[in-house]
Amino acid sequence: MADATETTTPRAAEGAAPRIKWNIANLKSSYVNFANANTTREEVVLNFGLNNSWDRAQPEMEIELAHRIMMSPFAAKRLNELLVKLISEYEARYGELK
């Protein structure tokens with residue numbers, strides 16, 4: 001088995017941000033095609049799941065929720081900035097998403 005860490009940032013110069021070492025020993029990957037979000041004053045809650053119902057004419061759909069991520073509004077704002085940058089880079093490379 002490969003090493004349980006994956007380093008993605010170079011060693012920082014003196015006074016710069018520290019080098020980040022990712023520990024991926026317990027990392028699990030999941031595919032989701034559904035996301036939902038809500039918020040309170042103290043936290044943002046993201047729900048991720050799988051919609052196996054492709055017939056939109058059904059009167060009811062069941063979404064199998066697999067993950068719930070809770071974070072502070074500050075962390076959610078940083079995530080938003082990261083996603084905006086990621087989608088912008090994706091569209092520059094592959095074309096606009098519609």
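Student: Which residue in E4 is the bridge partner of Ala35?
Tutor: Phe48 is the bridge partner of Ala35. Strands (E, at least two residues) and helices (H or I, at least four) are DSSP runs, numbered from the N terminus. The model is predicted, so local features need pLDDT of at least 70 and side-chain atom pairs pLDDT 80 or more, while totals for chains, interfaces and linings use all residues. Residues are numbered from 1 along each chain as its sequence is written, and side-chain values use heavy atoms, without hydrogens and water.

Student: In what sense do E3 and E4 pair?
Tutor: Antiparallel, with six bridges between E3 (residues 34-39) and E4. Two strands pair if DSSP finds at least two bridges between them. E3 and E4 form a hairpin, with four residues between them.

Student: And over how many bridges do E4 and E5 pair?
Tutor: Eight, again in the antiparallel sense; E5 covers residues 63-71. Asn51 stands opposite Ile63 in E5.

Student: Why is E4 largely enclosed by the rest of the structure?
Tutor: Because six of its eight residues are buried. Buried means under 20% relative accessible area, exposed over 50%, and partly exposed in between (1.4 Å probe, protein chains only).

Student: Switching to Asn47: buried or exposed?
Tutor: Asn47 is buried, at 7% relative accessibility. Asn47 lies in E4, residues 44-51.

Student: Which residues is Asn47 in contact with, leaving aside neighbours within four places in sequence?
Tutor: Phe34, Ala35, Asn36, Asn38, Leu65, His67 and Arg68. Contact means heavy atoms within 4.5 Å.
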